[in-house]
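Please open the structure in the viewer and keep the selection panel at hand.

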Amino acid sequence: MWGINIAFLLVGFACKRDLNMNYKTKFQWTPSISAPRNYPVETKYVSLGYGSDGEEYPIMNSYSDAGIAVTKGKVSFEQLEDTEGLDIPNSINALWLSYTESKIYEVHTKFSDMLQQKILQLLRDGYYDAYDKKHTTYKEFSITMLPGGKIWLYLEGATRNVLICDTIHAHPVEMSLDLVFCQKTDQPPSSAKIIYDNHRDINPEDIKFIGE
């Protein structure tokens, strides 16, 4: 009899959790950037928009080349880490330099309703973490910058990453390195210029996307 009662209690708790998640619209997440190995990028600015009032979450780590959906760390802002969480991401604003291609890319785009619904559903559904033996959800939203201005978006958790969009494209812009990185002409070469010179002989077609 006690076993039956415990079973009913467990089912009740699971149903309550699922019911709460089905109506949840705010989640704890932080943004990050990534780029394939041998394809270093440096950003002037990157931010993820969220909510209905034009709020933005800036991404402070500016250099990346560790691999697709692999970040070198992320910076969170205490004032944005509300206990209730944040609305789902709904737009990207970014300007970055591709050293390998000798190009500067820019993107300002709002996510489609379909993509926003996909993000919302994935965050609500979450996944089972076999390592910690518990149900959890994704905590990081990763922007991966690729050759040709392509952008892939990932939701990342402690033990699972999922590609949610591979159709966003940035457009190249004509802009000098000194202007992008606020470099004065009487100063030594910027770190951006030095890294650019070290990678300019890499062919973008040699960048590996599968099995890095």
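Colour the chain by pLDDT, the predictor's confidence in each residue, from 0 to 100. Confidence is highest in helix 2 (residues 113-125), at a mean of 97, and lowest in helix 4 (residues 191-199), at 44. Helices (H or I, at least four residues) and strands (E, at least two) are DSSP runs, numbered from the N terminus. The mean pLDDT of the chain is 78, with 68% of its residues at 70 or more.

This is a predicted model, in which local features need pLDDT of at least 70 and side-chain atom pairs count only at pLDDT 80 or more, while totals for chains, interfaces and linings use all residues. Residues are numbered from 1 along each chain as its sequence is written, and side-chain values use heavy atoms, with hydrogens and water left out.

Next, select residues 183-204, where pLDDT stays under 50. The model gives this stretch 28 contacts (heavy atoms within 4.5 Å) beyond four places in sequence. Continue to residues 206-212, also below 50 in pLDDT, with 15 contacts beyond near neighbours in sequence.

Now display the open sheet of four strands, ordered 2-11-12-13 with mixed pairing. Two strands pair if DSSP finds at least two bridges between them.

Met145 is found opposite Ile151 of strand 12.

Move to strand 3 (residues 41-50) and strand 4 (residues 55-58), an antiparallel pair with four bridges. Leu48 has Tyr57 in strand 4 as its bridge partner. Four residues separate the strands of this hairpin, and Gly51 has a positive phi near 75°.
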